[in-house]
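Visitor: Hi! I'm new to this one and would like a friendly tour. Could you put it up for us?

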Amino acid sequence: MATLRELKTRIGSVASSEKITGAMKMISSAKVHQNEQALKKLAPFKEQIQSIMGHILSTDENFNSPLIEAREVEHASLVVFGSDDGLCGAYNMNIFKGFLVALNKIKETHGKDVKITVYPVGSKIAKAVRRLESDELEVIIPAGVDSKMTGERVTEFTHSLRDAFISRQTDLVEVVYMKFVSMGRQILTTDQLFPVLADELLQGESRAEENQLYIFEPDPNSIFNEVLPMFVTSTMQEITVENRASEQAARVMAMQAANDNAKKLFEELQLEYNKLRQESITTELLDILGGQVER
């Protein structure tokens with residue numbers, strides 16, 4: 001049975017843990033809001049690009065770009081976003097499960113002999129992915145690519161993936177990440193980055209107004225090839241921020257659960273401490289009264 005001193009020490013430790021988890025929850029909440037603001041800032045840029053794409057696609061031109069070229073997949077690439085920090089619950093585990101689903105789907109669709117290169121973003125997910133490395137599955141961690149990378153580094157990373165696709169080093173590029181919906185809801189998502197899907201481009205066509213008001217210089221196809229890489233880069237920027245917001249939201253929920261558990265444990269220990277203290281006082285009083293009676 002624990003002594004009063006031991007219980008007091010445990011209560012102090014639990015109280016400290018409660019304060020720490022509470023502070024971490026507040027910090028992560030602030031970071032979620034920061035990333036939400038970043039998403040709002042990215043939205044107008046991407047919407048404008050989609051609008052331009054919509055105007056271009058509404059013409060009668062036949063468009064041609066190496067970024068939309070679908071070909072037989074002999075070498076696929078998977079970019080999987082995770083975190084560099086822990087204490088975010090089952091966040092990385094859920095992403096890893098989604099990665100395995102995407103990996104198996106590629107093999108089922110394009111054959112078991114397809115070679116796959118994985119680009120893990122974040123040390124936690126990189127550690128899990130490295131266990132699967134084999135002759136058919138290569139893991140590459142580009143320098144400076146992590147869950148906290150800057151917008152410039154995201155652009156450079158996207159350009160390297162684009163160049164690999166154009167040079168036929170890879171025939172398919174997919175991205176696995178957590179899409180941020182709200183503080184309590186994140187959706188595991190797999191998007192195809194290259195080749196760019198027609199459905200993604202046609203989303204902007206509904207935003208396009210009557211096309212006869214526009215004059216394209218030098219020509220729609222040239223503009224299309226200039227704007228399309230910008231569309232892909234903006235998509236990757238959005239994915240990075242979405243995943244970052246989801247990580248912090250998962251950490252908020254994990255810290256909330258830890259804080260609730262700490263409160264519950266604190267109350268249980270406090271109750272046990274009060275009972276033991278009361279028993280100790282009662283025993284001392286009985287000893288005093290017993291001594292007086294003997295006299």
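Guide: Happy to. A word on terms before we start: helices (H or I, at least four residues) and strands (E, at least two) are DSSP runs, numbered from the N terminus.

Visitor: Good. What kind of model is this?
Guide: This is a predicted model, where local features need pLDDT of at least 70, side-chain atom pairs count only at pLDDT 80 or more, and totals for chains, interfaces and linings use all residues. Residues are numbered from 1 along each chain as its sequence is written, and side-chain values use heavy atoms, with hydrogens and water left out.

Visitor: Let's go inside. How many residues has the largest nonpolar core?
Guide: That core has 32 residues. A nonpolar core here is a set of buried Ala, Val, Leu, Ile, Met, Phe, Trp, Tyr and Cys residues joined through side-chain atoms within 4.5 Å. Buried means under 20% relative accessible area, exposed over 50%, and partly exposed in between (1.4 Å probe, protein chains only).

Visitor: Which residues have the most contacts inside it?
Guide: Those are Val-79, Phe-81, Phe-157, Leu-161, Phe-194 and Met-236. At least two core residues come from each of α1 (4-57), β1 (75-81), β2 (115-121), α4 (151-166), β4 (172-182), β5 (185-194) and α6 (220-294). Helix α6 gives the most, with eight residues.

Visitor: What does Phe-81 touch?
Guide: Leaving out residues up to four places away in sequence, the contacts of Phe-81 include Ile-95, Val-121, Met-149, Tyr-177, Met-236 and Asn-243. Contact means heavy atoms within 4.5 Å.

Visitor: And what does the second core include?
Guide: The second core is separate and has 24 residues, among them Ala-76, Ala-102, Ile-106 and Val-139.

Visitor: I see Ala-76 there. What is its bridge partner in β4?
Guide: Ala-76 has Leu-172 as its bridge partner in β4. Strands β1 and β4 pair in the parallel sense over five bridges. Two strands count as paired if DSSP finds at least two bridges between them.

Visitor: How many bridges join β4 to β5?
Guide: Nine, and those two strands run antiparallel. They form a hairpin with two residues between them.

Visitor: Why is β4 largely enclosed?
Guide: Because eight of its 11 residues are buried, β4 is largely enclosed by the rest of the structure.

Visitor: Switching to charges: how many salt bridges does the structure hold?
Guide: There are 10. A salt bridge is a side-chain nitrogen of Lys or Arg within 4 Å of a carboxyl oxygen of Asp or Glu.

Visitor: Which one links distant parts of the chain?
Guide: Asp-85 with Lys-148 does that: Asp-85 lies in the loop between β1 and α2 (91-110), and Lys-148 in the loop between β3 (137-139) and α4, 63 residues apart. Their closest N and O atoms are 2.9 Å apart. Asp-85 is partly exposed at 32% relative accessibility, while Lys-148 is exposed at 53%.

Visitor: What about Glu-247 and Arg-251, how are they placed in helix α6?
Guide: They are four residues apart, so about one helical turn separates them. Their side chains meet in a salt bridge of 3.1 Å, N to O. Both Glu-247 and Arg-251 are buried.

Visitor: Which residues are linked in a network of salt bridges?
Guide: Glu-69, Arg-71, Arg-168 and Asp-171. Within it, the closest N and O atoms of Glu-69 and Arg-71 are 3.7 Å apart. Glu-69 is partly exposed at 29% relative accessible area, whereas Arg-71 is buried at 16%.
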